[in-house]
Amino acid sequence: MASPRTITIVALSVALGLFFVFMGTIKLTPRLSRDAYNEMKRAYKSYVRALPMLKKMGVSSILLRKSIGALEVACGIVMTLVPGRPKDVANFLLLLLVLAVLFFHQLVGDPLKRYAHALVFGILLTCRLLIARQPEELPPEKRMLSVNGDEQPLLHEAAPEKGKMKVS
């Protein structure tokens, strides 16, 4: 049976992956929702206007929106379908992307209700990454150390806790 940690990681990975595939697709095409697509176009125009440095670098609102959308779709697919280390890399990239989007929202002075979802999904990405990066807890029977052919419990388990006496 899978551990609660594994179930949590898989559930968060699939949910977050699907969310970012959906949001990235909205940024790329009006097929899912024409209103949301038009709102994204308007928002990214305001982001580029607020950061003239992007315009000087030749980054248009269309390029910015499509780049972010493509990255969201790609990382969302990896988070949903690809096992192992690539999930953590995709998680980290999406976390950086969410931080950039939060920066853009703050830059243009959007109200909290416009970027609350980014805050929530940023927190979920952080939680998933922290849970995934924690070492797996070994079952008690595997916590033995082999020394000269004899198996002994690990030192931190063999010693009584500080301030407590071991009674036999």
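Reader: Which residues are buried in H1?

Author: Happy to start there, and bear in mind that this model is predicted. Buried here stands for under 20% relative accessible area. By that cut-off, the buried residues of H1 include Ile9, Leu12, Leu16, Phe19, Phe20 and Met23. Ser13, Gly17, Gly24, Ile26 and Lys27 are buried in H1 too.

Reader: What covers the buried residues of H1?

Author: Helices do part of that work: the cover includes H2 (34-50), H4 (61-81), H5 (85-108) and H6 (112-133).

Reader: How many Å should H1 span?

Author: Take 1.5 Å a residue: the 25 residues of H1 (residues 4-28) should then span 36 Å. The end C-alpha atoms of H1 are 36 Å apart, so the two values agree.

Reader: Now H6, please. Where do its buried residues fall, seen down the axis?

Author: First the general idea: an α-helix has 3.6 residues a turn, so residues three or four places apart point the same way. In H6, the buried residues are Tyr115, Ala118, Phe121, Gly122, Leu125, Arg128, Leu129 and Ala132. They fall within an arc of 125° down the axis of H6, so they line one face of the helix. That buried set packs against H1, H4 and H5, while the face turned away carries the exposed residues Leu112, Lys113, Ile123 and Leu130.

Reader: And the largest pocket: which residues are the closest to its centre?

Author: The largest pocket holds about 370 Å³ of space. Of its 21 lining residues, Met23, Met40, His105, Arg114 and His117 are the closest to the centre. H2 gives the most to this lining, with 6 residues. By class, the lining has 15 nonpolar, 2 polar and 4 charged residues.

Notes:
Residues are numbered from 1 along each chain as its sequence is written. This is a predicted model: local features need pLDDT of at least 70, side-chain atom pairs count only at pLDDT 80 or more; totals for chains, interfaces and linings use all residues. Side-chain values use heavy atoms; hydrogens and water are left out. Helices (H or I, at least four residues) and strands (E, at least two) are DSSP runs, numbered from the N terminus. The expected span of a helix is 1.5 Å times one less than its number of residues. Buried means under 20% relative accessible area, exposed over 50%, partly exposed in between (1.4 Å probe, protein chains only). Contact means heavy atoms within 4.5 Å. On a 1 Å grid over the protein atoms alone, a cavity is a set of points where a 1.4 Å probe fits but cannot get out, and a pocket is an open set with protein on both sides within 12 Å along at least five of seven lines; lining residues have an atom within 4 Å of a point. Grid points are joined across faces, edges and corners, and a volume is the space filled by probe spheres set on the points. Ala, Val, Leu, Ile, Met, Phe, Trp, Tyr, Cys and Pro count as nonpolar, Asp, Glu, Lys and Arg as charged, and the others, Gly among them, as polar. The arc is that of the directions from the helix axis to the C-beta atoms.
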